[in-house]
Amino acid sequence: ATLFRATIGVEDTVKPNGSVLFLVEVERAGKWEKVFESPVLRGGQSQEIAVPIAGAAKLRLVTTDAGDNIHSDHAVWAAPLLQ
């Protein structure tokens with residue numbers, strides 16, 4: 001695979017609450033590197049992503065609370081696809 005695609009977002013049901021940061025990391029030559037970082041997404045927001053991952057041995061999908069707590073942070077990785 002050379003590309004990771006997905007729709008990232010926060011569930012509609014938590015509007016306007018929730019705040020999530022999405023990261024895509026890959027392992028190359030035994031070291032993890034961040035290859036994508038989203039803006040902070042809030043309840044009801046989503047974004048289509050296409051992240052180059054050529055040469056990766058492993059793929060890691062990470063979500064964080066965007067630094068403000070985990071209240072209503074219902075993160076979604078929808079329709080993930082490796083191409």
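Ala75 lies in strand 7, which covers residues 75-82; strands are DSSP runs of E with at least two residues, helices are runs of H or I with at least four, and both are numbered from the N terminus. This is a predicted model, in which local features need pLDDT of at least 70 and side-chain atom pairs count only at pLDDT 80 or more, while totals for chains, interfaces and linings use all residues. Residues are numbered from 1 along each chain as its sequence is written, and side-chain values use heavy atoms, with hydrogens and water left out.

**Exercise 1.** Determine the order of elements and the burial of the protein chain.

*Solution.* Step 1: the protein chain has zero helices and seven strands. Step 2: from the N terminus on, the elements run β-β-β-β-β-β-β. Step 3: the C-alpha trace spans about 40 × 25 × 15 Å along its principal axes. Step 4: 33% of the 83 residues count as buried, where buried means under 20% relative accessible area, exposed over 50%, and partly exposed in between, with a 1.4 Å probe and protein chains only. Step 5: of the contacts (heavy atoms within 4.5 Å) between residues at least 6 apart in sequence, 74% join residues at least 24 apart.

**Exercise 2.** Describe the surroundings of Ala75.

*Solution.* Step 1: Ala75 counts as partly exposed because its relative accessibility is 32%. Step 2: not counting residues up to four places away in sequence, Ala75 touches Gly9, Val20, Phe22 and Thr63.

**Exercise 3.** Characterise the aromatic pair of Phe22 and Trp77.

*Solution.* Step 1: apply the rule that rings of Phe, Tyr and Trp (its six-membered ring) pair if their centres lie within 6.5 Å, with planes under 30 degrees apart counted as stacked, over 60 as edge-to-face and the rest as tilted. Step 2: the count comes to two aromatic pairs. Step 3: Phe22 and Trp77 form an edge-to-face pair, at 5.1 Å centre to centre and 80° between the planes. Step 4: Phe22 lies in strand 2 (residues 19-28) and Trp77 in strand 7, so the pair ties together parts that are 55 residues apart in sequence. Step 5: Phe22 is buried, at a relative accessible area of 0%, whereas Trp77 is partly exposed at 22%. Step 6: Phe4, Phe22 and Trp77 form one aromatic cluster.

**Exercise 4.** Identify the side-chain partner of Thr7 in a polar contact.

*Solution.* Step 1: Thr7 lies in strand 1 (residues 3-10). Step 2: a polar contact is a pair of N or O atoms within 3.5 Å; within protein, one must be able to donate a hydrogen and the other to accept it, and residues adjacent in sequence count only if both atoms are side-chain atoms. Step 3: the side chains of Thr7 and Glu48 are joined by such a contact of 2.8 Å. Step 4: residues touched by Thr7 include Val76, Trp77 and Ala78.

**Exercise 5.** Locate the backbone features at Pro16, Ala66 and Asn69.

*Solution.* Step 1: most residues other than glycine have a negative phi, and most peptide bonds are trans. Step 2: the peptide bond from Lys15 to Pro16 is cis, with omega near -20°, and Pro16 is placed in the loop between strand 1 and strand 2. Step 3: Ala66 has a positive phi of about 60° and lies in the loop between strand 6 (58-64) and strand 7. Step 4: Asn69 has a positive phi of about 120° and lies in the loop between strand 6 and strand 7.
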